[in-house]
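Open the model in your viewer and keep the selection tool at hand. The stops follow below.

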Amino acid sequence: MLKNIFSPLDSTIAQLSQRGMNEDFLRFAIVGSLGLCWDTGTVYALRGVVGLYIAGAISYLVASTANWALNRVWTFRERQHSAVHIQWTKFFIANLFGFSVNRGLYFTLISFFVLCRNQPILPIFAGSILGLCFNYSLSKRFVFS
């Protein structure tokens with residue numbers, strides 16, 4: 001079933017790879033974009049209940065877990081995988097630095113800019129972009145190796 005969902009994307013990625021783009025990185029970025037949706041949706045759902053700071057922390061856990069699962073079954077599907085709990089733990093540890101960069105920028109922006117407090121999508125997006133390349137490198141070399 002998952003193969004059918006991603007087939008159109010796989011075709012596009014294959015075409016882009018013929019132009020020199022890295023297929024794994026493209027998939028990782030697409031998964032990251034989906035994670036941005038999970039992240040944003042969770043913040044918007046929880047911000048009125050628990051506030052922006054706690055909503056931002058919870059949303060990162062939700063998005064990173066969803067990203068790990070999709071990267072496991074799609075981005076790095078051709079690789080040998082360790083046990084689920086071990087790989088999830090390695091993914092989470094590898095992305096702790098990405099977390100601090102991602103959420104550090106998020107918290108900084110909502111702390112100092114009213115626009116970011118009113119439109120949390122802006123600091124969520126900024127943090128996600130900042131952590132993408134670092135998280136990809138560690139995930140490829142440490143988690144999904």
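**Stop 1: a salt bridge**

Select E23 and R27: their side chains meet in a salt bridge, 3.4 Å from N to O (a side-chain nitrogen of Lys or Arg within 4 Å of a carboxyl oxygen of Asp or Glu). The two are four residues apart in helix α2, so about one helical turn separates E23 and R27. Helices are DSSP runs of H or I, at least four residues, numbered from the N terminus. The salt-bridge count comes to six.

This is a predicted model: local features need pLDDT of at least 70, side-chain atom pairs count only at pLDDT 80 or more, and totals for chains, interfaces and linings use all residues. Residues are numbered from 1 along each chain as its sequence is written, and side-chain values use heavy atoms, without hydrogens and water.

**Stop 2: the α4–α7 crossing**

Select α4 (residues 84–94) and α7 (residues 121–143): their axes come within 9 Å and cross at roughly 145°. Axes are lines fitted to C-alpha atoms over the stretch in contact, with angles from 0 to 180 degrees between N-to-C directions. Now show Q87, K90, F91 and A94 of α4 with F134, L138, S139, F142 and V143 of α7, which make the contact (heavy atoms within 4.5 Å).
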